[in-house]
Amino acid sequence: MHVVNVKTPSGEYPIHIASGRLDQIARSVPADASAIVLVTNPSIDALYGERVRTALSHLSCTVQTVLLPDGEGHKDFSSLNQVFDAMLQARYDRRAIIVALGGGVIGDMAGFAAAIYMRGIRFVQVPTTLLAQVDSSVGGKTAVNHPLGKNMIGAFHQPVAVEIDTDVLDTLPQREISAGLAEVIKYGLIMDAGFFAWCESNVAGLVGRDPSILSEAIRRSCEFKAEVVGEDERESGRRAILNLGHTFGHAIEAGLGYGQWLHGEAVGCGLIMAAELSNRVCGLPESDVRRVRDLVGAIGCPVVAPGLDGQEHWISLMKGDKKAESGQIKFVLMPRIGRAVVQPVDPGALREVLATCCE
Ligand SMILES: NC(=O)c1ccc[n+]([C@@H]2O[C@H](COP(=O)([O-])OP(=O)(O)OC[C@H]3O[C@@H](n4cnc5c(N)ncnc54)[C@H](O)[C@@H]3O)[C@@H](O)[C@H]2O)c1
Ligand SMILES: O=C(O)C(=O)C[C@@H](O)[C@H](O)[C@H](O)COP(=O)(O)O
Ligand SMILES: [Zn+2]
């Protein structure tokens, strides 16, 4: 088993990565839990719910399952309220523990529910998609979407543990593997050129789900994310680099309607757009832009962005980005592969990128 520790000012917690972790998750539930609320969706429940409930049955408290509707289109307050309705009806107190079993949508919503139920209770992340294992289950960003922007309503709230069972990836559709890989290659682009080159060399194993290559990608990704979050838990500085490709990606998700493109697909395409922008404003070589485009294509993500009713609409969507200050959009850029900076850009360069990248 690999263990990666996350150390933040608001607490320290382990990420356990191994085959078979679903059967061990009771060990990560705090011993003083008064009840467990297993938050998941019907598809994941059908695959893994019973196994997780069996694992949790060794504890002496009740386990209640709350099934939320599946999909990015349901990452909203109405789903969140279903968690609160169930918990308040059962009169769960502040020692109740939420267990989030699912992808990033479930993890972000269950985490947000934990952040605000009775002003904050503890929760455990049990990520079941590649994207959730390499990114969303770590670092404590929790949120729901708003029609006017991605993850606009949320809170920072760290889990008490992250339990990654690499076996659950066996049932994941291929499109979701591709989406998760976009966030994996992001770490190489922002932090480690050697890791980006490793992704290029191992792309067949990554896409083909070679277990040892995927496990390596998960472990390295968790280490990268733990390092950044440990340094800047609440995104007052360096953490913003984890947003590479997201100013474009979030505009695609909101502009097309949540759930049309997967988050990771939008981020993958956004990485290419960020590379094109970096080429124009901070000197990323043309050959490196090509490497980004080729790798995004090779992992199976889209390489051409949607038109979204024109540049004005694109720009208006991006102005809502959380990194914007006084109406000025800021982008994560790469002066070279393996290094990231965050800065506003020349509007002309941005328009050129939209013209180059959109259909
Ligand atoms: N908090 C963060 O730091 C952070 C980071 C990245 C992404 N996110 C958020 O994560 C969300 C995307 O997460 P996602 O890509 O995991 O999508 P998702 O949660 O929608 O899951 C994708 C699909 O896979 C299904 N599924 C999950 N596990 C499965 C399994 N093992 N086998 C078969 N099917 C399975 C789900 O039911 C769903 O239909 C977005 O909302 C994004 O904003 C958050
Ligand atoms: O953890 C972070 O910080 C990230 O930015 C990771 C991203 O992959 C993730 O999609 C995040 O939810 C985006 O953050 P947001 O603040 O732009 O919503
Ligand atoms: Zn993301």
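Colleague: Start with α10. How many residues, and what span from first C-alpha to last?

Modeller: Helix α10 covers residues 263–281, which is 19 residues. Its end C-alpha atoms are 26 Å apart, close to the 27 Å expected at 1.5 Å a residue. Keep in mind that this is a predicted model.

Colleague: Is α10 mostly covered or mostly exposed?

Modeller: Mostly covered. Of the 19 residues in α10, 18 are buried.

Colleague: And what follows α10?

Modeller: G283 follows the helix, and its phi is positive, near 80°.

Colleague: What about confidence? What is the mean pLDDT?

Modeller: The protein has a mean pLDDT of 97. 100% of its residues reach 70 or more. For the complex, the predictor gives an ipTM of 0.99 and a pTM of 0.98.

Colleague: Switching to the sheet. What is the strand order?

Modeller: The order is β1-β2-β9-β6-β5-β3-β4. That makes seven strands in an open sheet, with mixed pairing.

Colleague: Which strands are at the edges?

Modeller: β1 (2–8) and β4 (62–67), each pairing on one side only.

Colleague: How are neighbouring strands turned against each other?

Modeller: By 15° on average, ignoring direction.

Colleague: Take β3 and β5. In what sense do they pair?

Modeller: Parallel, over five bridges. β3 is residues 35–40 and β5 is residues 96–102. V39 stands opposite A100 in β5.

Colleague: Which strands does α2 touch?

Modeller: Helix α2, residues 77–89, packs on the sheet and touches β3, β4 and β5. The direction of α2 makes about 150° with that of β4.

Colleague: And where does α3 lie?

Modeller: Helix α3, residues 104–116, lies across β3, β5 and β6 (123–127). It runs at about 170° to β5.

Colleague: New topic: β10 and β11. Parallel or antiparallel?

Modeller: Antiparallel, over five bridges. β10 spans residues 330–336 and β11 spans residues 339–344. K330 stands opposite P344 in β11.

Colleague: How many residues sit between the strands of that hairpin?

Modeller: Two. In this hairpin G338 takes a positive phi near 100°.

Colleague: Last one. Which residues does UniProt list for the C-terminal domain?

Modeller: An unreviewed UniProt entry lists residues 180–324 as "domain: 3-dehydroquinate synthase C-terminal".

Colleague: What is the helix and strand content over residues 180–324?

Modeller: That stretch is 68% helix and 0% strand. The C-alpha atoms at its ends are 26 Å apart.

Technical notes
Residues numbered from 1 in each chain as written. Chains lettered and ligands numbered in written order. Predicted model: local features only at pLDDT ≥ 70, side-chain atom pairs only at ≥ 80, totals over all residues. Helix = DSSP H or I, 4+ residues; strand = E, 2+ residues; numbered from the N terminus. Expected span 1.5 Å × (residues − 1). Buried ≥ 20, exposed ≤ 12 C-beta atoms within 10 Å, placed from the backbone. Pairing = 2+ DSSP bridges. Axes fitted to C-alpha atoms, helices over the stretch in contact; angles between N-to-C directions. Contact = placed C-beta atoms within 7 Å. UniProt positions renumbered as here; feature names shortened; annotations may be inferred. pLDDT = per-residue confidence, 0-100.
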